[in-house]
Amino acid sequence: MDDDKLYDSLDFHFESTSPLQRGSFRVAVRGLRLHVNDLRQSYPVRDLSAGGCSLNAPARDFALRRILTADLHVGDTPYMEGLTLKTVRHIEENIVACAFQSISLKQEYALDKLLLEMQKRSIAARARGANL
């Protein structure tokens with residue numbers, strides 16, 4: 001599957017956050033799933049940033065400071081494999097925040113590419129809306 005078709009399956013919007021909440025800009029995304037290998041479960045990604053993600057997942061399943069391995073999927077297609085994450089916060093009973101740990105250069109490149117593609121598409125959508 002080429003990248004454009006892969007990214008077309010995503011639905012997203014940008015949210016600004018306080019610098020105290022997170023050190024990087026985050027994107028709310030529908031269509032991304034995190035397959036947590038240690039839990040043998042898959043969870044929808046609520047938002048994604050260069051530093052981590054939040055998940056629609058029961059907080060009880062994610063002990064704080066727990067290190068997990070996971071694979072990021074766009075729809076049913078694996079996009080990044082072998083991610084190491086750390087549970088950093090229980091936002092609500094069913095929302096968990098995780099930070100990427102020891103991300104490889106290959107994983108960083110793939111994540112940057114995904115975030116950049118989302119940003120480009122958001123800019124294009126705004127431009128189309130401005131021309132209406």
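1. Let's start inside: F62 is buried, as its relative accessible area is 1%. Here buried means under 20% relative accessible area, exposed over 50%, and partly exposed in between, using a 1.4 Å probe and protein chains only. Keep in mind that this is a predicted model, where local features need pLDDT of at least 70, side-chain atom pairs count only at pLDDT 80 or more, and totals for chains, interfaces and linings use all residues. Residues are numbered from 1 along each chain as its sequence is written, and side-chain values use heavy atoms, with hydrogens and water left out.

2. What does F62 pair with? The count comes to one aromatic pair, and the rings of Y43 and F62 form it, with centres 5.3 Å apart and planes at 65°, so this is an edge-to-face pair. The rule takes rings of Phe, Tyr and Trp (its six-membered ring) with centres within 6.5 Å; planes under 30 degrees apart are stacked, over 60 edge-to-face, and the rest tilted. Distant parts of the chain are linked by the pair: Y43 sits in strand β4 (residues 41-49) and F62 in the loop between β5 (52-56) and β6, 19 residues apart. Y43 also counts as buried, at 5% relative accessibility.

3. Now the overall layout. The chain has two helices and eight strands, in the order α-β-β-β-β-β-β-β-β-α from the N terminus. Helices (H or I, at least four residues) and strands (E, at least two) are DSSP runs, numbered from the N terminus. Of the 132 residues, 39% count as buried. Contact means heavy atoms within 4.5 Å; among contacts between residues at least 6 apart in sequence, 51% join residues at least 24 apart.

4. How far can you trust it? Mean pLDDT, the predictor's confidence in each residue from 0 to 100, is 83 for the chain, and 79% of residues reach 70 or more. Over residues 12-22 the pLDDT is below 50, though this stretch has 27 contacts in the model beyond near neighbours in sequence. Where pLDDT is low, predicted coordinates should not be read in detail.

5. Have a look at D71, in strand β6 (residues 67-74). D71 is buried yet has no salt bridge, and the nearest side chain of opposite charge, K106, is 11 Å away. A salt bridge needs a side-chain nitrogen of Lys or Arg within 4 Å of a carboxyl oxygen of Asp or Glu; for charge, Lys and Arg count as positive, Asp and Glu as negative, and His and the chain ends are not counted. Leaving aside neighbours within four places in sequence, D71 touches R33, L34, H35, N37, M80, E81 and G82.

6. What does the side chain of D71 reach? One of its polar atoms lies 2.8 Å from the backbone nitrogen of G82. G82 belongs to strand β7 (residues 77-92) and counts as partly exposed, at 46% relative accessibility. Apart from neighbours within four places in sequence, G82 is in contact with A70, D71 and Q107.

7. Finally, two arginines to check. Most residues other than glycine have a negative phi. R40 has a positive phi of about 55°; R40 lies in the loop between β3 (32-36) and β4 and is exposed, with a relative accessible area of 75%. R65 has a positive phi near 70°; R65 lies in the loop between β5 and β6 and counts as exposed at 60% relative accessibility.

Methods
A polar contact is a pair of N or O atoms within 3.5 Å; within protein, one must be able to donate a hydrogen and the other to accept it, and residues adjacent in sequence count only if both atoms are side-chain atoms.
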